[in-house]
Amino acid sequence: MKINNVILRTVAKLVSFIILTLAVYLFLSGHHSPGGGFIGGLVLASALVLLFIVYDIETIRIALPFDFKKVAAFGAFLSVGTGFGALLFGEEFLSQTFDYFNLPFFGETELATVMLFEAGVALAVVGVVVTIILSISEDV
């Protein structure tokens with residue numbers, strides 16, 4: 001018998017949106033203040049874990065058809081790849097560069113190659129945390 005959790009599901013949708021917004025903020029503020037890919041990835045993974053708890057795992061797997069092991073591997077390769085990208089330009093491993101761009105709606109914005117590294121770290125963290133949670137849930 002399936003329990004009807006209308007209130008729980010409604011609140012989880014709102015809370016997961018707030019958590020995802022916080023994850024994006026923490027990710028983007030990482031190279032100027034505390035935050036970055038690791039903590040942004042953990043917060044993003046917590047939103048996914050909340051959805052796995054509120055809804056059943058199969059429903060979320062249908063909605064998010066990702067193999068989180070591959071997400072973790074892609075994130076690790078992206079992080080290491082940014083280091084090798086610097087070597088292609090004759091710089092030291094994991095050297096970074098930045099420049100200012102005039103973006104629509106945002107105005108003059110600094111974009112740095114460290115954001116690619118942080119994106120890789122975030123993807124690796126999300127992939128590992130969700131894979132651990134899913135493997136624990138299969139044992140229960």
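1. A quick definition to start: a residue is called buried under 20% relative accessible area, exposed over 50%, and partly exposed in between. By that scale arginine 61, at 34% relative accessibility, is partly exposed. Please keep in mind that this is a predicted model.

2. The partner is glutamate 138, with the closest N and O atoms 3.7 Å apart. The two residues sit 77 positions apart and link distant parts of the chain: arginine 61 belongs to helix α3 (residues 57–63), glutamate 138 to helix α5 (residues 114–139). Glutamate 138 has a relative accessible area of 57%, so this residue counts as exposed.

3. Now to the aromatic rings, where the count comes to three pairs. In one of them, phenylalanine 66 and phenylalanine 68 have ring centres 6.3 Å apart; their planes meet at 70 degrees, so the pair is edge-to-face. The cut-off behind that label is an angle over 60 degrees.

4. Are these two partners buried or exposed? Phenylalanine 66 is exposed, because its relative accessibility is 52%. Phenylalanine 68, at 8% relative accessibility, is buried.

5. Phenylalanine 84 and phenylalanine 93 make another edge-to-face pair, with 5.3 Å from centre to centre and 65 degrees between the planes. For phenylalanine 84 the relative accessible area is 45%, so this residue is partly exposed. Phenylalanine 93 is partly exposed too, at 43% relative accessibility.

How values were computed. Residues are numbered from 1 along each chain as its sequence is written. This is a predicted model: local features need pLDDT of at least 70, side-chain atom pairs count only at pLDDT 80 or more; totals for chains, interfaces and linings use all residues. Side-chain values use heavy atoms; hydrogens and water are left out. Rings of Phe, Tyr and Trp (its six-membered ring) pair if their centres lie within 6.5 Å; planes under 30 degrees apart count as stacked, over 60 as edge-to-face and the rest as tilted. Buried means under 20% relative accessible area, exposed over 50%, partly exposed in between (1.4 Å probe, protein chains only). A salt bridge is a side-chain nitrogen of Lys or Arg within 4 Å of a carboxyl oxygen of Asp or Glu. Helices (H or I, at least four residues) and strands (E, at least two) are DSSP runs, numbered from the N terminus.
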